[in-house]
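Colleague: I have a model open and would like to learn how to read it feature by feature. Could you walk me through it?

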Amino acid sequence: MEDHFIENLGWVALLLPLLSAVAITLGGPFGARRAAAKISIGAVALSFVASLILFLYLHLTGQPALAETSFPWLIIGKYGELNNLQFNLGLQLDTLSLVMMLVVTGVGLLIHIYSQGYLAGDPGYSRYFACLSLFTFSMLGIVLADNFLMMFIFWELVGISSYLLIGFWYHKPAAADACKKAFITNRIGDFGFLLGILLVWSVLGSVGFASLKLEAAHPNHFGPVATIAGLLIFCGAMGKSAQFPLHVWLPDAMEGPTPVSALIHAATMVAAGVYMLCRVYFLLSFPGSQALEIIGWIGGFTALLAALIAVQQNDIKRILAYSTLSQLGYMVMAVGSHGPTAAMYHLTTHAFFKALLFLGAGAVIHAMHHEQDIWQMGGLRKKLPVTFWTFLTGTLALCGVPFFSGFYSKDSILAQALKNGSYGLFIIGVLVAALTTFYMARLALVVFWGSARSSAAEHPHEAPGVMLWPLRILAVPSVIGGLLFIEATFEHFFAGGHGEAGTITWAEQLLEPLNASPAAALSGIFAIMVGGAFAGALYWKAASDPLPLRLGWFARAMRNRFYFDELYERVLIPATHELWSRIAQAIDRWIIGGLAVRGASGATEFAGRALRLVQSGSLQTYAFLLVAGVAAVIYCLLAR
Amino acid sequence: MLAWTVYISFLGVLALMLLPAGNARAARGVALVTALLGFLIGLVSAFGFAPERGIQTITRTAWIPGLGIDYYLAADGISVTLVLLTGLAAVAGILFSWNIEHRAKEFFVFYLALIAGVYGVFLSFDLFLLFVFYELAIIPKYFLIAIWGSTNREYGAMKLALYSFIGSAMVLVGLVAAYVTAGSKTMDLLVLAQYPFPPALQNWAFPVVFIGFAILAGLWPFHTWAPTGHVAAPTAASMLLAGVVMKLGAYGALRVAMTLFPLGLATWRNEIALLAVIGIVYGALVALVQKDFKFVIGYSSVSHMGFVILGLVTLNTIGMTGAVLQMFSHGVIAGLLFGVVGRMVYDRTHTRDLPELEAMRLNKALPFAAGTFAVAAFASMGLPGFSGFAAELQVLIGAWSAFPTYTVLAGVGIVVGVAYTLRVLQMAFFGEAPEPVPEAAHPLPPITLPERLGAVLLIATTVLIGLCPRLLLSLIGPSFQSPLFEHVLKGGNL
């Protein structure tokens with residue numbers, strides 16, 4: 001009885017947001033549109049409660065995972081025989097998925113509430129909440145999937161809902177382009193992901209995570225393709241988590257409403273790639289596979305590249321977007337240096353403080369009447385006190401200032417890189433930490449200190465309570481996230497359930513980085529000091545950005561995102577599909593259409609002129625002649 | 001009972017002929033009732049059908065005893081699936097041509113005759129009978145386009161007729177060769193398929209018959225009838241053209257060419273898979289640069305039908321099942337796309353020029369059309385939740401074990417497919433109008449009830465199959481276990 005309840009609770013948590021999306025879309029005549037926000041918030045809140053119950057149940061009973069419930073979705077081939085293929089839909093309820101569920105529904109709930117204020121009065125109000133619910137459903141599907149195919153299905157659904165939300169203001173050309181770009185870029189990564197799934201399936205004969213784990217225990221037949229399969233699977237993460245070279249869509253996706261940026265492009269969707277890598281970590285770390293090495297370096301490169309770009313952006317949301325890219329690179333780097341624990345740890349704390357920062361930025365933009373250029377702001381510290389303090393909390397957490405949540409998770413990654421002997425990645429990590437502090441301090445100093453640089457900045461208005469409360473609530477885990485035993489929980493999980501979780505005390509936890517790996521912790525703190533000092537020297541009460549003058553071309557390159565977008569738009573896309581499209585079009589028109597068909601049609605016309613003499617043009621005549629002709633041919637052949 | 005799908009359509013033709021000319025309402029009513037009956041018969045039969053029992057004879061009587069030609073109708077799960085599709089497309093097509101006033105009676109006469117022919121092809125297991133029905137389906141096509149068509153209709157109609165008849169001639173040559181070589185004086189497909197034709201014959205006859213059929217399925221480079229034909233055709237005709245006529249070609253290729261000449265198939269499958277993949281990528285690329293709304297959908301059909309051909313020649317159950325599912329899926333989705341383009345948009349705006357449509361911001365004027373097209377576009381891109389996902393996924397899985405390189409190339413087609421679909425969706429409906437939209441002198445007439453019904457019917461189908469593909473797969477899958485496909489499947493390596 002109890003077991004059934006618990007098993008079904010997972011499905012309830014998954015399906016409630018879908019129900020909400022359907023109800024809002026179809027229930028227009030019954031007043032569902034006006035109640036859209038309430039339905040949507042209610043659904044995600046109930047999902048959160050269900051996740052919490054599941055998590056506590058799992059934790060209290062001490063099981064590694066709850067029994068899976070699945071049913072067949074697709075069966076091909078002979079029934080019951082060897083030659084068939086069966087795909088199930090089933091839920092994986094273990095520590096990894098449940099913590100992720102809590103993050104998605106918890107942060108999601110706050111963002112849903114915040115949206116109610118941010119989008120008040122928008123003509124697409126109900127459409128927005130329907131899409132948001134659809135997104136929550138899709139994201140929960142990725143988290144809960146117990147096999148690759150189901151994960152892929154929800155992977156695509158996340159892509160659609162993200163497309164719909166980025167393009168929410170589709171009448172803005174920039175938004176229309178951005179959603180197209182995001183979707184296509186994701187689709188490229190997804191196809192690699194699909195090939196990876198197919199490869200794994202064809203070699204190991206299964207797509208279920210549990211059975212794959214068993215199969216992978218025999219290192220005989222997966223070895224030769226392990227590297228390529230791992231990299232193909234990583235393609236999926238490259239798209240969703242915006243890793244180089246598919247990173248270009250994420251900053252453009254900031255054209256969507258700010259709460260969407262907070263939910264999808266900071267806390268959840270972009271984290272899906274990292275989550276997936278951790279979910280199938282046993283395949284990536286297969287003995288003999290080189291995949292993790294390459295993944296680590298791509299992550300490190302993305303982290304560094306994005307951090308450099310962030311230094312010279314002026315749009316408040318774009319700075320945060322590049323910062324997200326950089327932090328995602330950090331997590332991927334952690335996976336690459338054999339540290340899924342560190343990656344998931346940072347993913348969790350990052351979800352809190354980055355959602356906080358985005359929502360804070362939304363409050364600033366709201367206050368500034370939709371001005372996003374930080375050089376038009378200034379001195380907002382006094383006028384927007386709640387926004388300022390919460391934003392500052394998020395900033396300190398992101399920089400990794402000691403005793404904020406980011407300090408612990410970032411340190412965990414640096415320590416992992418050292419432990420794994422990836423010194424290159426360690427140096428990149430420290431460098432990125434310094435750059436992160438630099439650009440975040442620049443952002444905070446320019447926006448909140450100094451003097452107002454425009455008339456809007458002189459008379460801003462603080463956001464309503466419905467937007468401020470989510471900020472206050474998110475600030476709490478951003479500060480204490482490092483003390484919640486998240487790391488121990490994941491460590492326990494990735495060790496395969498060996499060892500005891502949560503044996504250390506709060507006090508030990510507080511100073512754990514210095515005890516575990518003092519070199520990593522001290523380097524991290526040093527990086528923050530350097531980055532902070534430079535930013536303070538340059539931007540304290542600065543009227544304009546001094547960096548372009550000092551760095552010259554390098555600053556220009558950073559501001560222009562190292563010209564990757566231009567490279568893709570002016571060189572790669574024209575050289576690939578546009579050119580080929582024109583060629584194919586020309587072949588179609590001039591060669592196949594022109595020579596072959598026109599030639600044939602000329603002959604037909606000639607024949608037609610001749611036949612017109614004997615044909616009436618009626619259906620009966622055609623049919624009669626045809627049948628007569630067929631009969632004649634057969635007669636000739638038989639009479640031979 | 002399935003045979004009544006054919007008879008009821010012919011009865012509908014007769015009933016229409018008895019109607020007085022000029023009564024468009026009555027003609028529409030008769031046509032709709034006929035099509036609905038056909039659809040219901042298909043639906044009821046599908047529910048009672050036991051696919052694991054293989055090919056089930058419906059009726060068989062001697063027709064031309066001297067030549068061993070029988071009137072032989074039978075069905076397996078593949079036939080039933082395609083009969084269902086035909087019924088669905090027929091009903092939706094009539095709903096989308098509710099506004100036909102010009103010579104309405106004749107329009108529906110040709111329409112139902114075409115439907116009858118298509119049903120006949122899917123149920124014939126005597127090759128001569130199959131061929132007769134096949135021709136019967138092609139002829140009304142010409143008139144539908146030439147009389148009720150739009151842009152360049154005579155050219156489009158003639159091109160289609162020309163291609164079709166060349167294809168038929170190729171098929172006929174192969175069939176006659178098989179008939180004479182076997183020498184058993186029978187046109188029974190099941191008997192001929194068991195005859196070991198000499199490899200030399202198979203090696204030339206297979207490509208001739210396969211391509212003869214596949215011309216109608218839009219196989220590259222014999223596809224150019226498709227875009228011009230679609231553009232010229234009236235809405236209902238392009239819905240049928242993409243919805244079922246292209247499937248006739250694919251069905252013939254599978255049912256006749258592949259089963260008669262399995263050795264020839266094994267020789268040529270690699271080349272055919274290559275043509276299919278070229279079609280997938282090429283169709284998508286050309287669709288990306290079209291200015292005419294209908295051309296985009298026309299080329300997308302070429303691209304999606306490439307998946308059908310690719311699935312067929314994988315020669316494994318997964319890929320071939322996927323191919324048949326893709327036939328169904330594309331029939332529904334393409335029907336929907338053409339319905340929106342031809343009926344909802346073109347009949348109201350009188351333009352299909354994408355830049356012109358972009359300035360109209362149709363999502364404000366025709367929100368229902370915009371919503372329908374958005375759903376159809378997502379379905380067409382093969383997103384989960386719609387039938388195209390299950391179908392294309394299976395084709396890719398099947399192709400992965402047969403042609404890994406081609407599978408990767410097909411992926412390029414999928415990515416380009418997303419690009420052209422999103423492009424056309426945004427240009428046609430969600431245009432960026434910087435200045436206030438000029439108020440149209442005559443506001444566009446609202447979407448009518450029959451259009452809504454047709455759209456809902458097709459959307460519901462693609463979603464239903466997308467969520468629960470087993471409904472059709474349980475029909476299609478077991479059909480490949482019949483002795484008819486035994487030799488075909490031996491050529492595969494899964």
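Colleague: How many cavities does a search of the whole structure find, and what is the volume of the largest cavity?

Modeller: Keep in mind that this is a predicted model. The largest cavity has a volume of about 140 Å³, and the search of the whole structure finds nine cavities of 30 Å³ or more.

Colleague: Which elements give two or more residues to the lining of the largest cavity?

Modeller: Those elements are α6 (173–204) of chain A together with α17 (387–402) of chain B. From chain A, the lining residues are Phe152(A), Arg187(A), Asp190(A), Phe191(A) and Leu194(A). From chain B come Met381(B), Gly382(B), Phe389(B), Glu392(B), Leu393(B), Leu396(B) and Ile414(B).

Colleague: How does that lining divide by class?

Modeller: Eight of the lining residues are nonpolar, one is polar and three are charged.

Colleague: Let's turn to backbone geometry. What should I look for in phi and omega?

Modeller: The general idea is that most residues other than glycine have a negative phi, and most peptide bonds are trans. Here, a cis peptide bond joins Phe244(A) and Pro245(A), with omega about 5°. Pro245(A) sits in the loop between α8 and α9 of chain A. Ala242(A) is in the loop between α8 and α9 of chain A too, and its phi is near 55°, a positive value in a residue other than glycine.

Colleague: Is Ala242(A) buried or exposed?

Modeller: Buried, because its relative accessible area is 0%, and the cut-off for buried is under 20%.

Colleague: Where in chain B would I find such backbone features?

Modeller: The peptide bond from Trp220(B) to Pro221(B) is cis, with omega near 0°. Pro221(B) lies in the loop between α8 (199–214) and α9 (225–232) of chain B. His350(B) has a positive phi, near 60°, and belongs to the loop between α13 (317–349) and α14 (354–358) of chain B. With a relative accessibility of 59%, His350(B) counts as exposed.

Colleague: Back to chain A. With which residues is Gln243(A) in contact, leaving aside its neighbours within four places in sequence?

Modeller: Gln243(A) lies in the loop between α8 (226–240) and α9 (249–252) of chain A and is buried, at 0% relative accessible area. Beyond those sequence neighbours, Gln243(A) is in contact with Phe234(A), Met238(A), Ile298(A), Gly299(A), Thr302(A), Leu325(A), Leu328(A), Gly329(A) and Val332(A). The side chain of Gln243(A) also makes a polar contact with the side chain of Thr302(A), at 3.3 Å. As for Leu325(A), it is 82 residues from Gln243(A) along the chain, while their C-alpha atoms are separated by 7.3 Å.

Colleague: And what about contacts across chain A as a whole?

Modeller: Among contacts in chain A between residues at least 6 apart in sequence, 79% join residues at least 24 apart. Chain A has 28 helices and two strands, and buried residues make up 59% of its 640 residues.

Technical notes. Residues are numbered from 1 along each chain as its sequence is written. Chains are lettered from A and ligands numbered from 1 in the order in which they are written. This is a predicted model: local features need pLDDT of at least 70, side-chain atom pairs count only at pLDDT 80 or more; totals for chains, interfaces and linings use all residues. Side-chain values use heavy atoms; hydrogens and water are left out. Helices (H or I, at least four residues) and strands (E, at least two) are DSSP runs, numbered from the N terminus. Buried means under 20% relative accessible area, exposed over 50%, partly exposed in between (1.4 Å probe, protein chains only). Contact means heavy atoms within 4.5 Å. A polar contact is a pair of N or O atoms within 3.5 Å; within protein, one must be able to donate a hydrogen and the other to accept it, and residues adjacent in sequence count only if both atoms are side-chain atoms. On a 1 Å grid over the protein atoms alone, a cavity is a set of points where a 1.4 Å probe fits but cannot get out, and a pocket is an open set with protein on both sides within 12 Å along at least five of seven lines; lining residues have an atom within 4 Å of a point. Grid points are joined across faces, edges and corners, and a volume is the space filled by probe spheres set on the points. Ala, Val, Leu, Ile, Met, Phe, Trp, Tyr, Cys and Pro count as nonpolar, Asp, Glu, Lys and Arg as charged, and the others, Gly among them, as polar.
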